[in-house]
Amino acid sequence: MFRATSRLHTVCQAARSTLALRPVKYAPAYKAVSLTMFNTSRLYATSGSTKVVPLTAEKYPGFNRNEQFKKLEDSDVDHFKAIVGETGLIYNNEDDLAAFNTDWMNKYRGQSQLVLKPKTTQQVADILKYCTEQSIAVVPQGGNTGLVGGSIPVFDEVVLSLQSMNSIRSFDDVSGILTADAGCILEGLDNWLNEKGYMMPLDLGAKGSCHIGGNLATNAGGLRLLRYGSLHGTVLGLEVVLPDGSILDSMSTLRKDNTGYDLKQLFIGSEGTIGVITGVSILTPRRPKAVNVALLGLNTYEDVQKAFKQSRSELSEILSAFEFWDNNALQIYKKHSDAKPLMENEYPFYVLIETSGSNKDHDDEKLTNYLENMMVDEVAQDGVVAQDETQIKNIWGVREGFTEALGKEAAVYKYDVSMPVNKINDCLEDMRQHLKDGGVFGQPDSPIIDVVGYGHVGDGNLHLNIAANRVDKRVPALIEPYLFEWVAKQNGSISAEHGLGVAKNQFLSYSKSDGMIKMMKTMKNLLDPKGVLNPYKYLPSQ
Ligand code: FAD
Ligand code: 2HG
Ligand code: ZN
């Protein structure tokens, strides 16, 4: 059984051979992230909150309603009613529409008067066929946890919610291949697989609300991409309804199939702009029998890199996550939580290391050796190892809690960039200096509280969040396009995992060449000639 590594280095320096891992001294009382907290219904002003979210079309300049799109008429609503039934839609009811018109961050708000909740792929097909024929704009919506405004209408687009398509279709417990409707909630799938000794190959803080269809549409990365790879690898097949209403059935359950273009890949990460995903076939891994989670405190970002490099070499096949955060992230988390600290002292950086394997003794031994080496070599200054399931959840709860904690600040500017691992802290430092130079950070009356860094460091993915105590137009003007230019110089990406939506679409050229953008537009026009699917998003307007 593991004990904590608290203040381990002093013991190690004295006598490594007599090292004993002590119990978690600073018993974590962190509240694990509640899995129901991401229900979108609690987010909009109608249910008690006084925060009224400004309309996207008014808050962000540059949006003009495309007048080619038809404004809904009663006959359209009657037509939709005939497809989905009386209970399959919400029409003209501001209270019930509110949750579908507002995003998780309370940042974007649309003006849709109609939400459709089809129950079958054929109903989705009938809806899209009619929308294309009638030029009615549509926004596909999953769990509405996206962070770039992609799931929210800008004007009066119809919301096509997949929430009523939530059945598991099949599971093969020899191959681990699952087929399911797109509206299944990620955590629900994972719990269901747990009973069979399997797990979903992806995991993220929004698992209690996000749909597998939304994960696919955003090509979500998450906390275990390092181990299980991207959805481009684990997805074996998709069922997609195209804007003209045709159903593209590529629900293959084959691991190997080299016949023709791999069309399903086009829809993974397409953010609902060229088709609505209705079903998925996905390869699920065995649920590991032994899971360990350790947290280390480190003095420098150099040490973070050393710890990562060494974890790949020493933990190799059992390493399942390597996450990092800086002390600013911890401060924001502490500010909004009554949790007790996990370690006695604070450090400039933290890394969360998770191992997953099939043999506890083997994994424990490997992890102990690795942690001892980190302490002896003074790469890490302190550390704790979770002793049980609750402590595992507590440590993960801190990592998964940053997004919500930041959301409690008056304003937060969220960025999700990727770059070579060795540039991540330079990016944070450079941004801090840039904002100081710009006069919005570092003085007592500055709007910016802090520049916060955390993320999937093993994937070269930094979540750069800038928290502010008030809305100040100078702040976004200083960040954009400055950050995107900086990232482009490192050959990085302006969006590592959250996508483009309405937040980043105009900056796509920082990550993709003119030729590539031209081809993307050609494909969009080919599949959606009237542009009815998720307009104003994803691709730059010019
Ligand atoms: P939505 O938000 O409803 O939609 C997202 C986009 O996909 C929209 O453009 C929408 O039009 C489209 N879409 C949705 N469903 C379909 C469908 N069936 N067919 C076609 N298009 C569709 N992302 C990560 O990558 N990694 C993380 O670690 C991560 N952590 C998060 C943690 C928190 C607390 C939160 C709030 C978000 C996090 N995200 C993360 C953002 C992430 O994109 C989503 O949580 C998730 O993948 C979106 O799924 P959803 O069902 O909520 O989709
Ligand atoms: C995460 O990794 C998510 O926690 C959200 O991708 C990141 O809040 C963010 O910026
Ligand atoms: Zn992330």
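A polar side-chain atom of Thr403 sits 2.7 Å from an oxygen atom of ligand 2, a polar contact (a pair of N or O atoms within 3.5 Å). This is a predicted model: local features need pLDDT of at least 70, side-chain atom pairs count only at pLDDT 80 or more, and totals for chains, interfaces and linings use all residues. Residues are numbered from 1 along each chain, ligands are numbered from 1 as written, and side-chain values use heavy atoms, without hydrogens and water.

**Ligand 2**
- Residues around ligand 2 (a heavy atom within 4 Å) include Thr403, His456, His463, Glu497 and His498.
- His498 places a polar side-chain atom 2.6 Å from an oxygen atom of ligand 2.
- For His456, that distance to an oxygen atom of ligand 2 is 3.0 Å.

**Zinc ion (ligand 3)**
- His456 (NE2), His463 (NE2) and Glu497 (OE) are the protein donors, 1.8 to 2.1 Å from the zinc ion.
- Donors are N, O and S atoms within 2.8 Å of the metal (3.2 Å for Na, K and Ca); water is not among the atoms, so sites may look incomplete.
- Along the chain, the donors follow the spacing H-x6-H-x33-E.
- His463 and Glu497 are both buried, that is, under 20% relative accessible area with a 1.4 Å probe, protein chains only.

**Nonpolar cores**
- The largest nonpolar core has 56 residues, and Phe324, Leu435 and Leu464 have the most contacts inside it.
- Such a core joins buried Ala, Val, Leu, Ile, Met, Phe, Trp, Tyr and Cys residues through side-chain atoms within 4.5 Å.
- Domain 1 (2–29 + 288–403) and domain 4 (409–511) both give residues to this core, so it lies between them; the bounds come from an automatic or database domain assignment.
- A second, separate core of 29 residues includes Leu186 and Ile274.

Note on methods. Buried means under 20% relative accessible area, exposed over 50%, partly exposed in between (1.4 Å probe, protein chains only). A polar contact is a pair of N or O atoms within 3.5 Å; within protein, one must be able to donate a hydrogen and the other to accept it, and residues adjacent in sequence count only if both atoms are side-chain atoms.
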